[in-house]
Amino acid sequence: MLSPGSLLDYEKKYMDDLKLSAESLQSHGARVGLTMAGEDLHRFLLNHKSQCQKYVDRVYSCIHTSLKFNIMSSAAGTVQTSHRIFMSPRISPASVLQQMTRKNWSGLSLEWQRVIVKYAIAITKLQQADRLLEVRNDEAALLQELQNGGHANWSPFDYPESLLLEVESGILIRNTQEEIASYMRLSLGNENAVVQLNMGEGKSSVIVPIVAAHLADGKKLVRVIVGKPQMKELFRTLVLNERVC
């Protein structure tokens, strides 16, 4: 065995990192498990989805009522009152969510930004409730989904385009994905940023789109270079991302 004094600097760093990794593995908490299964679990998840749906409907109802009231208030007392009310743009969930695009977001008041973010987050929770029902018979997948509460290390208020991508794609950005995206977003100057993530962890489907949406601010041209096998799928993802952001 080599003595510490005979190791090069990069070898010492490798040994220190390996030791930290081993200690982290040993100190990892006990295995998480489910406290219910079968029909009990199914009923619980159905009730959870129902509560999420009611909350989404309640928030949207408040938004819809407020917008209608504003339209009627602005039209009151004018000779074109009926025209203003009945010919006004149709209010829909899509038209509300579209306000999170870059071109619309800065024109909203702080109060409306908060309300729309709350509505979008409610939708992501409803979508997760659907996913929980889909994987209820797969304990590993169910536990993985339950452990992702979403928005733990980033603020949807600061990155509305990422929240909008979650809604459109039916996903919740995981903490690891946001950590890497944050590192890539904050790279300064013309320096390169090289990061590594395991296969299947959402590099192409999640990280690249949210970084591209952030960097493509109307002043910079963002170019994504991928291997030929990934080209078609990533092109589809980025076209979706362009539509929502």
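This is a predicted model: local features need pLDDT of at least 70, side-chain atom pairs count only at pLDDT 80 or more; totals for chains, interfaces and linings use all residues.
Local features require pLDDT of at least 70 and side-chain atom pairs count only at pLDDT 80 or more, whereas totals for chains, interfaces and linings use all residues. Residues are numbered from 1 along each chain as its sequence is written, and side-chain values use heavy atoms, with hydrogens and water left out.

**View 1. The second largest pocket holds about 400 Å³ of space.** Among its 21 lining residues, R131, G170, I171, L172 and R174 are the closest to the centre. A pocket is an open set of points on a 1 Å grid over the protein atoms alone, where a 1.4 Å probe fits, with protein on both sides within 12 Å along at least five of seven lines; lining residues have an atom within 4 Å of a point. Its volume is the space filled by probe spheres set on the points, which are joined across faces, edges and corners. At least two lining residues come from each of α6 (110–134), α7 (139–146), α10 (203–215) and α11 (231–244); helices are DSSP runs (H or I, at least four residues) numbered from the N terminus.

**View 2. H151 occupies the loop between α7 and α8 (160–169).** Phi of H151 is near 60 degrees, a positive value in a residue other than glycine. H151 is buried, with a relative accessible area of 15% (buried: under 20%; exposed: over 50%; 1.4 Å probe, protein chains only).
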